Amino acid sequence: MASARLGAPGDLSEREREAVEALLYQLADDEFVVADRYTDWQCQGPTLEADIAIANIAQDELGHARLWYDLLQDFGYEETELIWEREAEEFRHATLCEQSFESGDWADAVVRSYFYDVAEFLQVEALAETSYPRIADRIEKVNGEEHYHREHAQNWLERLCEDAEGTRRVQAAVDDLYPYALTLFEPTAKEDDIVELGIRPTPLAQLREEWYDLTGAFLDGLGVSVPDREALDDLVAEETGRDGSHTDDWQRQYNELTYTYRMLDRTEARRLMADPDEV
Amino acid sequence: MIFEVFRQEQRKDYHVHVGNVHAPDREMARMYAQVMHARRKPAHSLWVVPKEEIAEVDSDDEGVSMGGLTQKEYRWATNYNTDETFAEEIEASQREQEEAERGREEAEAND
């Protein structure tokens with residue numbers, strides 16, 4: 001049932017290329033936007049160690065975003081077009097990534113990273129079987145860092161749920177974020193092709209089931225409840241991000257993100273690091 | 001709680017103290033120690049030790065003498081200046097001994 005291996009970037013048919021691009025935008029934008037949100041916690045974490053840990057995770061996710069944006073550059077795009085000059089509504093990240101944090105609500109940061117990292121872990125696992133060699137080459141690198149992210153979130157959840165007040169905060173964050181977390185599994189317009197061509201052989205719908213089982217069992221063990229499986233379809237946030245629809249938080253984040261680029265009238269992005277293919 | 005962190009860069013190296021982390025318990029301390037001292041640096045192993053578990057002997061403690069009270073610098077090899085002139089002296093002394101040795105051998109042979 002394994003699909004035929006796809007060729008090099010320049011050898012793809014139009015259908016293959018569009019599907020690969022759709023998947024890469026989804027992957028890269030998720031990582032980029034969630035990483036930028038984590039940096040809101042820089043110098044704001046509950047302890048110095050917590051601060052450094054989340055900054056570290058943000059740095060990892062930015063690194064992953066680079067790996068995926070770089071594969072889009074195979075198709076001739078420039079970094080400026082992919083990020084700094086791209087319209088806000090062209091971004092395809094799930095709206096979980098863009099939600100702003102209520103000031104000081106560390107439970108939100110922890111729950112969000114937990115939801116995100118379990119989803120990323122499942123996605124990366126599914127991509128280990130990808131038919132597109134350029135993605136296959138990079139999966140191991142991403143996977144190597146994901147274990148720590150899940151451990152970090154789980155360690156924190158366990159400790160926050162040690163008393164009633166902490167459990168209440170976690171439950172509130174779960175309730176608030178759940179509709180947005182589900183958008184991680186909302187399909188782009190190319191989902192059928194992505195699966196059929198084996199670029200990500202496992203459909204998002206199936207990943208959502210696995211995610212629901214994993215996160216549900218863990219949270220249940222901590223005394224935190226999640227919605228019923230039957231209720232999920234109705235619960236998905238209206239703005240999924242995957243179709244370009246976003247919440248107001250994104251426009252604000254986007255303005256802030258691109259502010260310096262616009263203010264300095266930049267027309268190019270400075271390259272600070274070697275191309276991932278060269279290291 | 002404060003945990004002191006010791007990092008070993010390679011298997012053959014000693015664990016060297018690199019700093020400390022604040023954490024509520026052992027598991028979090030291990031995690032933070034990794035983040036702060038091993039994720040972006042060469043490391044083979046970390047020791048993460050509750051500060052209060054470390055037994056310390058301080059030089060200010062009563063009845064403790066450290067570093068020696070009497071003059072024993074003559075024991076330190078670094079106090080001996082072994083420059084070229086020294087080498088000449090050693091060479092001369094060596095030659096002297098060799099000559100004496102030969103003298104003894106000859107005396108024995110003549111017996």
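In what order do the elements of chain A run from the N terminus on? I began my notebook with this point, keeping in mind that I am reading a predicted model, and I found that the elements of chain A run α-α-α-α-α-α-α-α-α-α.

**Entry 1, chain A as a whole.** I looked up the radius of gyration of chain A and noted 18 Å, which agrees with the value near 19 Å that a compact globule of 279 residues would have. Along the principal axes, the C-alpha atoms of chain A fill a box of roughly 55 × 50 × 35 Å. I also wrote down that 38% of the 279 residues in chain A are buried, and that, among its contacts between residues at least 6 apart in sequence, 80% join residues at least 24 apart.

I then turned to A:Ile199, which I located in the loop between helix H7 (191-196) and helix H8 (204-221) of chain A. Is A:Ile199 buried or exposed? I recorded it as buried, because 23 other C-beta atoms lie within 10 Å and the cut-off for a buried residue is 20 or more. Leaving aside neighbours within four places in sequence, I listed the contacts of A:Ile199 as A:Ala19, A:Val20, A:Leu23, A:Thr130, A:Ser131, A:Tyr132 and A:Ile194. I also checked A:Ile199 against A:Ile135, and this pair is 64 residues apart in sequence but 8.5 Å apart in space, C-alpha to C-alpha.

**Entry 3, chain B as a whole.** For chain B I noted 2 helices and 3 strands, with the elements running β-β-α-β-α from the N terminus on. Chain B is more spread out than a compact globule, because its radius of gyration is 28 Å, well over the 13 Å that the globule rule gives for 111 residues. The C-alpha atoms of chain B fill a box of roughly 85 × 40 × 30 Å along the principal axes. I found that chain B is divided into domain 1 (2-53) and domain 2 (73-110), and that 51 Å separate the centres of these two domains, taken over C-alpha atoms. Of the 111 residues of chain B, 13% count as buried, and 42% of the contacts between residues at least 6 apart in sequence join residues at least 24 apart.

How many residues does the contact take from chain A and from chain B? I wrote down 9 residues from chain A and 11 residues from chain B. On the chain A side, helix H2 (48-73) and helix H5 (133-160) each supply at least two residues, and by class that side has 2 nonpolar, 4 polar and 3 charged residues.

I looked up the largest nonpolar core, and of its 81 residues A:Val110 and B:Tyr32 touch the most other members. The largest share of this core, 13 residues, comes from helix H1 (residues 14-38) of chain A. Leaving aside neighbours within four places in sequence, I noted that B:Tyr32 is in contact with A:Glu49, A:Ala53, B:Val21 and B:Ala23.

Key
Residues are numbered from 1 along each chain as its sequence is written. Chains are lettered from A and ligands numbered from 1 in the order in which they are written. This is a predicted model: local features need pLDDT of at least 70, side-chain atom pairs count only at pLDDT 80 or more; totals for chains, interfaces and linings use all residues. Helices (H or I, at least four residues) and strands (E, at least two) are DSSP runs, numbered from the N terminus. The radius of gyration is taken over C-alpha atoms; the globule rule is 2.2 Å times the number of residues to the power 0.38. A residue is buried if 20 or more other C-beta atoms lie within 10 Å of its own, exposed if 12 or fewer, and partly exposed in between; C-beta atoms are placed from the backbone. Two residues are in contact if their C-beta atoms, placed from the backbone, lie within 7 Å. Ala, Val, Leu, Ile, Met, Phe, Trp, Tyr, Cys and Pro count as nonpolar, Asp, Glu, Lys and Arg as charged, and the others, Gly among them, as polar. A nonpolar core is a set of buried Ala, Val, Leu, Ile, Met, Phe, Trp, Tyr and Cys residues joined through C-beta atoms within 7 Å. Domain bounds come from an automatic or database domain assignment.
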